[in-house]
Amino acid sequence: KGKILITTNSYPEYFYGDVLRIDGKFQIPAEFETFNYKNYLAKDKIYYVMYYPKIEILERDKGNPIFSAILKFKNNLTQKIESIMPFPEVSILEGIILGNKQIFSEKIKNNLSITGTSHITAISGMNIVIISNIIMFILIGLGLWRKQALYFSLVLIFLFILMVGAPASAVRAGIMGAILLYAQKIGRLSSAARIMVFAGTIMLIINPLLLRYDVGFQLSFLAVLGLIYIKPIFDKLLGKWLKKEKISPILEIANTTIAAQISVLPILVYNFGNISFVAPITNILIVPFIQFFTILGMIFIGGAAIWSFIGKILLWPTYLGSAYILKIIDWFSQIPWAAKQISNLHWIWIIVYYVLLVGFLCFYKRKNKLEF
C-alpha cells in the first residue's frame, strides 16, 4: 500500500495520466545520520523507492480530466515563459509566482539559503492576496457583482494552489485567504491567530505527519506566528524611540524580518545547519519590492499566455526585477561572514529555545498588559 517514488532518466517524458508498466526493484528509503529520508517521504504516503527501472507506456490521458487540464496549462505556460525570458532570471519569476523551485540551479538554492531569502519563493499569503485582488478587479470589470466575483475568486485560488503543487505554505495561505475574503464579505474579520489555528487544524486532520516531517509546514506557520506575537514587541520598542510618522517602511521590513527569523531560527539550524547574518539586510532590499514584482510578473505571464508577442512587449520590467533580485542575492552570498554553519544540533535545544521564547512572551505580555 502507498506510493512509490521512481527515479528515471529525463527522457522519454512521462505525464500525469499515463498508465505505465514498470519493472524494477523495490527499496525502502534510506535513513541518513543527519536526515531521515524514510520519514520525510512517509508524510506523503511514499513508502518505497525504485531507481532506473524499465518503463513501458501502456496508455495516455487516463487521469482526472480537471487536474490533467490544470497541469497541462501550467506546463504550456512555463514553456512560453521560458521561451521568452532567459535563465536564470526566469527561475526567480517562476519561483516567486508559480512556486516552481525545481527550476533553480544549486547555486541559486545555496545563495537563497545563505542570504536568508528562501522564503520569497514560497507561495505566501501576500501572493494569494495579490492574485485574488487582481482576479476580483478583472471579474468586477467584466460586469460581475462583488458576491459573484468573490465565489469565482475562491474557485480560481483553489485551482491556482493545485497548479503550484499544493505546498504547505500555499495551502495555509489559501485557507487563510479564503477565510479573510469571506469574513470581509459578511463583515466579520477574525484575528490572524485564530485563522492560523483553523488553517493548521484542517491541514493536520488531512495529513498529521506534516507536523513532524514537513519542514515547509513548520517554517510557514512559525514565521506567521512570529509576525503575530513577536513583531508587536519590536513595534512597541521602536515606537518608544521614534514617533509613528517617522517609522520608515525600511524599519518595518527590518522588524518583520527579525521577528520571523527569531521564530524559525532553531528549525532552520536543526534542518539546514545554517544561520544567515545578512538576512535582515537582504530582506530590506528585496521584500518591499516583491509585491510590485508579483504584479508585474502576473501581467507578464497573463500577456504571454494570451500571445507570445504580448509577452515579449511586457518582458523588460519583469526581467529587470528578476535580475535585481538575483544580483542582490549573489552579492551578499559572497560576503565571507554572510552565514555560519552549525552542524549536529540536538533536538533538545529546540525545545529549550521555544520554552524560553514562550516564557519571555508571556512575561512581557503580563508586565506590559498587552493583548496579542
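Is Lys107 buried or exposed, and what is its relative accessibility? Lys107 counts as exposed, at 55% relative accessibility; the cut-offs are under 20% relative accessible area for buried, over 50% for exposed, and in between for partly exposed (1.4 Å probe, protein chains only).

The model is predicted, so local features need pLDDT of at least 70 and side-chain atom pairs count only at pLDDT 80 or more, while totals for chains, interfaces and linings use all residues. Residues are numbered from 1 along each chain as its sequence is written, and side-chain values use heavy atoms, with hydrogens and water left out.

The side chain of Lys107 meets that of Asp330 in a salt bridge, at 3.9 Å from N to O. This pair links distant parts of the chain, 223 residues apart: Lys107 lies in helix 4 (residues 106-114) and Asp330 in helix 15 (residues 315-333). Helices here are DSSP runs of H or I with at least four residues, numbered from the N terminus. Asp330 is buried, with a relative accessible area of 18%.

A salt bridge requires a side-chain nitrogen of Lys or Arg within 4 Å of a carboxyl oxygen of Asp or Glu. Side chains of opposite charge can pair when their charged atoms come close. Across the whole structure, the search finds six salt bridges.

Another of these joins Lys62 and Glu59, with 3.5 Å from N to O. Lys62 is exposed at 53% relative accessibility, and Glu59 is partly exposed at 38%.

Arg21 and Asp23 also form a salt bridge through their side chains, at 3.8 Å from N to O. Arg21 is partly exposed at 47% relative accessibility; Asp23 is partly exposed as well, with a relative accessible area of 37%.

Conventions:
Helix = DSSP H or I, 4+ residues; strand = E, 2+ residues; numbered from the N terminus.
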